[in-house]
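Here is a short briefing for a first look. Take in the sequence and the model, then read on by topic.

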Amino acid sequence: MHLAYPAVLAALLFSVGLYGVLARRNAILVLMSVELMLNAVNLNLVAFDVWLRDTLHAGQALTLFVIAIAAAEIGIGLAIVLMVYRNRGTSDIDRLRDAREQPEPADGTPSADEKAEATA
């Protein structure tokens with residue numbers, strides 16, 4: 001088996017995943033892109049394991065660990081995204097940058113948000 005075919009495919013998958021992480025605004029699509037990148041790494045691990053004819057199959061064993069970590073990552077990440085969507089009404093990453101709470105003024109006057117909530 002030639003090593004170039006799976007290596008090129010893994011490079012393409014990783015590039016598509018990297019583009020998805022950098023260009024997307026939806027948090028779920030970013031998580032999917034991270035999974036795509038991890039799968040490209042897994043493809044490389046298995047391809048090099050077969051190409052080197054490793055008797056311990058270390059590449060395949062490491063692939064299983066990466067799959068387990070990816071499953072935990074997507075579970076926790078999806079839970080966080082769903083909680084943020086439930087609280088904010090959007091999963092847009094650009095709007096999540098303003099997720100921290102605004103400090104209250106020192107003089108005790110209500111902020112503009114509190115005034116809007118009081119009148120509504």
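Where is the place of Arg-53? Arg-53 sits in the loop between H2 and H3. This is a predicted model, in which local features need pLDDT of at least 70, side-chain atom pairs count only at pLDDT 80 or more, and totals for chains, interfaces and linings use all residues. Residues are numbered from 1 along each chain as its sequence is written, and side-chain values use heavy atoms, with hydrogens and water left out.

**The chain as a whole**

- The chain has five helices and zero strands. Helices (H or I, at least four residues) and strands (E, at least two) are DSSP runs, numbered from the N terminus.
- Along the sequence, the pattern reads α-α-α-α-α.
- Of the 120 residues in the chain, 20% are buried. Buried means under 20% relative accessible area, exposed means over 50%, and partly exposed lies in between (1.4 Å probe, protein chains only).
- The chain exposes about 9,100 Å², and carbon and sulfur atoms supply 65% of that area. Accessible areas come from the Shrake-Rupley method with a 1.4 Å probe; for residues, only the protein chains shown count as cover.
- Take the contacts between residues at least 6 apart in sequence: 58% of them join residues at least 24 apart. Contact means heavy atoms within 4.5 Å.

**Confidence**

- The mean pLDDT of the chain is 86, and 80% of its residues reach 70 or more. pLDDT is the predictor's confidence in each residue, from 0 to 100.
- Among the elements of the chain, H1 has the highest mean pLDDT, at 96. Helix H5 (residues 112–119) has the lowest, at 60.

**Helix H1**

- H1 covers residues 4–23, 20 residues in number. From its first C-alpha to its last it reaches 28 Å, close to the 28 Å expected at 1.5 Å a residue. The expected span of a helix is 1.5 Å times one less than its number of residues.
- Its buried residues are Pro-6, Ala-10, Gly-17 and Gly-20. Seen down the axis of H1, they fall within an arc of 85 degrees, so they line one face of the helix. The arc is that of the directions from the helix axis to the C-beta atoms.
- The face of H1 turned away from the buried side carries the exposed residues Leu-12, Val-16, Tyr-19 and Leu-22.
- H2 is included in what covers the buried residues of H1.
- Ala-7 belongs to H1 and is partly exposed, with a relative accessible area of 27%. Ala-7 and Ala-47 are 40 residues apart along the chain, yet their C-alpha atoms are separated by 7.6 Å.

**Helix H2**

- The end C-alpha atoms of H2 are 38 Å apart, which agrees with the 38 Å that its 26 residues should span at 1.5 Å a residue.
- The buried residues of H2 include Val-30, Leu-31, Met-37 and Ala-40. Its buried residues pack against H1, helix H3 (58–88) and helix H4 (93–96).
- Asn-42 lies in H2, which runs over residues 27–52. Asn-42 counts as buried because its relative accessibility is 7%. Leaving aside neighbours within four places in sequence, Asn-42 is in contact with Thr-63, Val-66 and Ile-67.
- Glu-35 is also in H2. Glu-35 is buried, with a relative accessible area of 18%. With neighbours within four places in sequence set aside, Glu-35 is in contact with Ala-70, Glu-73 and Ile-74. The C-alpha atoms of Glu-35 and Ala-70 are separated by 6.9 Å, although the two are 35 residues apart along the chain.

**An aromatic pair**

- How many aromatic pairs does a search of the whole structure find? The search finds one. Rings of Phe, Tyr and Trp (its six-membered ring) pair if their centres lie within 6.5 Å; planes under 30 degrees apart count as stacked, over 60 as edge-to-face and the rest as tilted.
- Phe-48 and Trp-51 form the pair, edge-to-face, at 6.2 Å centre to centre with 85 degrees between the planes.
- These two residues are separated by about one helical turn because Phe-48 and Trp-51 are three residues apart in helix H2.
- Phe-48 is partly exposed at 36%, and Trp-51 is partly exposed at 44%.

**The loop between H2 and H3**

- Arg-53 has a positive phi of about 55 degrees although it is not a glycine. Arg-53 counts as exposed, at 72% relative accessibility.
- His-57 is in the loop between H2 and H3. His-57 has a positive phi of about 55 degrees and is not a glycine. At 40% relative accessibility, His-57 is partly exposed.
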